[in-house]
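Open the model in your viewer and keep the selection panel at hand.

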Amino acid sequence: MGILAVFALPLLLLGISGIIYIYQTVIWLVSKSAVQNKVVVITDAISGLGKECSRVFHSGGARLVLCGRTWEKLEALYDALISVADPSTTYTPKLVLLDITDTDYIQDVAKEILNCYGSVDILINNASMKVKGAVQSISLELDKKIMDANYFGPITLTKAILPNMISRRTGQIVLINSIQGKIGVPFRAAYAASKHAAVGFFDCLRAEMEEFDISVSTVNPTFICSYHHQPAPGNWEASIWKFFFRKVTYGVHPAEVAEEVLRTVSSKKQEVLMANPIPRAAVYIRTFFPEMFFAIVASGIREKLKTEQEN
């Protein structure tokens, strides 16, 4: 009995780990099969997240239409995808030039996108633009540019693709947004405002598209980054306010988000919040205890200003 007791816990943990691994593998395979032969449009495919989404959906057998602002970078992505994929199980991606901030041009690009395969099954709105700075230091022109990139661009393309989906009574629209569509972080007012606006639009769209069997999903990660940043000792980012929001600033790797987007498409989740406990708690505190939330934010601003004065 003593020997059995010694080995019981390790064997139990090993068994649980095996079950979790098998479960995750099955979910991954089901997710990939869900996009096989589907026409998937990815905007800003040449960004870090766009490349990862392209890789994941391409390996899943989707018929990709990759959009980006630079033809050379689109071609480089094309070469990277076809060099590692099995040509017998994948489709050759199609490339389309698209500047999401040029809303007057998007209607014509949408026609080009639809001409690739005659329809769109899944539209992934990935294009985004960031800006950081105090409200008074950001020009109104830059505010408008941010809104074009993060709000007017995605909704213009979505509206151009929607009639095709409505006529076929099928389709899925995915907005890759941000946790800042849920909470505002100081010195990112223009960015947070554009993300809030996008969430509002796609929430309404989700309800309106239900009768046409068109799914609308939003994926809200913390900041997307390629590595995890650690605040330097003594930096104001190590303050209590930044402790509260530290996982917001660390963010998640593009590969993690791409895999979550694939799962979201497969399961047709309506909304996903990719956040660790602290920023997730911040969202709920902002909703149910706004005064506490605002006090923490104000404290962080005061600490930042004090640190800058001391330096």
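Select Lys-182: it is partly exposed, at 28% relative accessibility (buried means under 20% relative accessible area, exposed over 50%, partly exposed in between, with a 1.4 Å probe and protein chains only). This is a predicted model, where local features need pLDDT of at least 70, side-chain atom pairs count only at pLDDT 80 or more, and totals for chains, interfaces and linings use all residues. Residues are numbered from 1 along each chain as its sequence is written, and side-chain values use heavy atoms, with hydrogens and water left out.

Glu-271 lies in strand S7 and Lys-182 in the loop between strand S5 and H6, so the pair ties together parts 89 residues apart in sequence (helices, H or I of at least four residues, and strands, E of at least two, are DSSP runs numbered from the N terminus). Glu-271 is partly exposed, at 38%.

Next, select Glu-260, Arg-263 and Lys-269, which salt bridges with shared partners join into one network.

Move to Asp-121 and Arg-168, another salt bridge, with closest N and O atoms 2.7 Å apart. Asp-121 is buried, with a relative accessible area of 13%, whereas Arg-168 is partly exposed at 31%.

Finish at Arg-69 and Asp-99, whose side chains meet in a salt bridge of 3.7 Å, N to O. The two residues sit 30 residues apart. Arg-69 is exposed at 57%, and Asp-99 is partly exposed at 23%.

Notes: Salt bridge = Lys/Arg side-chain N within 4 Å of Asp/Glu carboxyl O.
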